[in-house]
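Subject: The structure, and what turned up in it

Hi there,

Here is the structure to open on your side.

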Amino acid sequence: MTGGVWRLEWRIVLSRPGRLAWSVSVPVLLLVPVALSGAADAHRATVYALFVVFFGLFGAAAPVIRDAERGWVERVLLTGCGVRRWLVERTAAHSLQDLLQLAPALAAVIWIEGGARVALPAASVTAGALLALVAANLVGTLVAAAVRSLAEGALVCAGAGLVALHLAGAFRPPSPGSWQETAAAVSPFRPALSSFRNLAGATDLWGSAASVAGWGSAGLWTGPAAATLLLIACAWIGGPWVGRRLTGTDNHF
Amino acid sequence: MTPREEPAVRAEGIRHAWEEGRSALRDVDLVVRRGEVLGVMGPNGSGKSTLLRVLAGALEPDGGRVERFGGGAGGALRRTATVLDRSPFADSLPGRENVTRLLELRGVPGPEARDRAETWLGRFGLADRSGDPVATYSRGMRRKTDLALAFAAAGDLLLLDEPLDALDAAARSTLAGSLRERARAGGATVVTGHGAAFMEDVCDRVAFLRAGELAALGSPEELIGAVEGSATIEVELVGPAEDGVAEGREWPEGVRLAARDGGRLRFSARDGGASLPDLSARLLEAGAEIAGVRVRSPDLDDAFLALAGEPLRRESP
């Protein structure tokens, strides 16, 4: 039944109110001090983006690794729902859940950074964070399929997150005309990074808040959105491999 | 052949080896007919669970061919309900909701899925606890939830891996009754395990698996008929049996030492329990101290020993 995995994932997360409250509180407790810290604008923005990306990556990989180890993934796939459907519906559900869990922290950061004057950056932060979370959830699930333990998964996620943010231009502005500039332009993590920079008042490759979030910015979002769709397509094509990896050797779902 | 007469699964020449090169299955041929309960017995590591996964369509064997429901693997997962060695659930959700949601993933509409979940959880004695989170369930209750899910799925093929594990007597009885009911309705079932009495009770045919090979296949009566004696005499000695007690001895006529496991000797006796006094006397002469003696009819355990050449279970000394 279409939407069955989506509904199941929402029921699971809503049935654990304590864990949900914890998942909402931790980002608030970690990001608010950063917003109040008086650190350099660009550094604060990088920390926000880093947190969102890691939240999505670890939040996807760790539960998938644990569920695969205890046989839950195999249980779900043995229903015949199809690994590709599982992958897409699970990623969609978890990306939205991650965004909702991050919402209070992001709202606090937006309020501290700009008060009521930040409607435009706030909108682009939300959209950028969602795009980053979708990509991070997909990558996190693929990492979970590739590794053999939770520790290995954490290590690979940390490495992948840092590389992804570096390619988005988080740690060093790419030279004009270089391949790094192209990579940054199509990175699914770039909109979140640029939005946080605008919010924090740091200069950004893409320009001002208006140029990032305004109607004229469609071209700036096209590359990252296309890259995210490409990631989804890769996950779709690699679905059977993911199924084999997550359910033990040789399973074909 | 009409669809009704077609076997649920036909497996030919199934071979499979694990990554480390260890063979799990070697040229296994097996047909699972509609309306039958097929038992698969074998010691730990003999390939029972691997065979079940192959039949489920969840494991692609290295060699051989599996035909399910007269076709390929397409849609086979939806038509197959499988209970594997673990019983994982969404622990924070109630048992009833776990079963309902997993049935929905199989394409069962919501209201019907809820009805089926209530019915089968009730049959397995979980009506009072079906609203509690699975995290609060014991191992046996998780197993019952798993079985309720498998029966509620009402698949054409039901595959149960060691279903008796952690089940209480009432649930075993429900399971046996439900399997017979399913068979009458034309459903095919494969069940693995070690419980000789249960297998004899519910299975129409039993396959003996030894080191990944099919050692024997037949009805329980046929298999038990292959045991030489009309009785099995089990003698429990105090402490492990010394070689001098068991080996190289002359036993009463018609009595054969079938197996020795630590301090437990298993004899097959052609003339039933009549040779017991003579047998006991010879053991005492050899210096053995007898802790207990049991005379019983041969069962599938004995048949496995006779046909596969090794005991079904190795008991700790």
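Two residues are in contact when heavy atoms of theirs lie within 4.5 Å. This is a predicted model, in which local features need pLDDT of at least 70 and side-chain atom pairs count only at pLDDT 80 or more, while totals for chains, interfaces and linings use all residues. Residues are numbered from 1 along each chain as its sequence is written, chains are lettered from A and ligands numbered from 1 in the order in which they are written, and side-chain values use heavy atoms, with hydrogens and water left out.

**A residue in chain B**

Leaving aside neighbours within four places in sequence, B:T100 touches B:G110, B:A113, B:R114 and B:A117. B:T100 belongs to helix α2 (residues 95–105) of chain B; helices (H or I, at least four residues) and strands (E, at least two) are DSSP runs, numbered from the N terminus. B:T100 counts as buried because its relative accessibility is 7%, and buried means under 20% relative accessible area, with a 1.4 Å probe and protein chains only.

**Chain B as a whole**

Of its 317 residues, 54% are buried. Chain B has 10 helices and 13 strands, and its C-alpha atoms fill a box of roughly 70 × 45 × 40 Å along the principal axes.

**A sheet in chain B**

Three strands of chain B form an open sheet in the order β2-β1-β4, with antiparallel pairing; two strands pair if DSSP finds at least two bridges between them. At the edges are β2 (23–32) and β4 (63–68) of chain B, each with a single partner strand, so one side of each has no neighbour in the sheet. β1 (residues 9–17) of chain B and β2(B) pair over six bridges, and B:H16 stands opposite B:L25 in β2(B). Helix α1 (residues 48–56) of chain B lies across β1, β2 and β4 of chain B, at about 55° to β2(B). Angles run from 0 to 180 degrees between N-to-C directions, and axes are lines fitted to C-alpha atoms, for helices over the stretch in contact.

**Two helices in chain A**

The axes of α3 (residues 41–69) and α9 (residues 190–200) of chain A come within 8 Å and cross at roughly 140°. On the α3(A) side, the residues that meet α9(A) include A:Y48 and A:V52, and those in α9(A) include A:L193 and A:F196.

Happy to go through any of this with you.

Best wishes

Note on methods:
Buried < 20%, exposed > 50% of the residue type's maximum accessible area, 1.4 Å probe, protein only.
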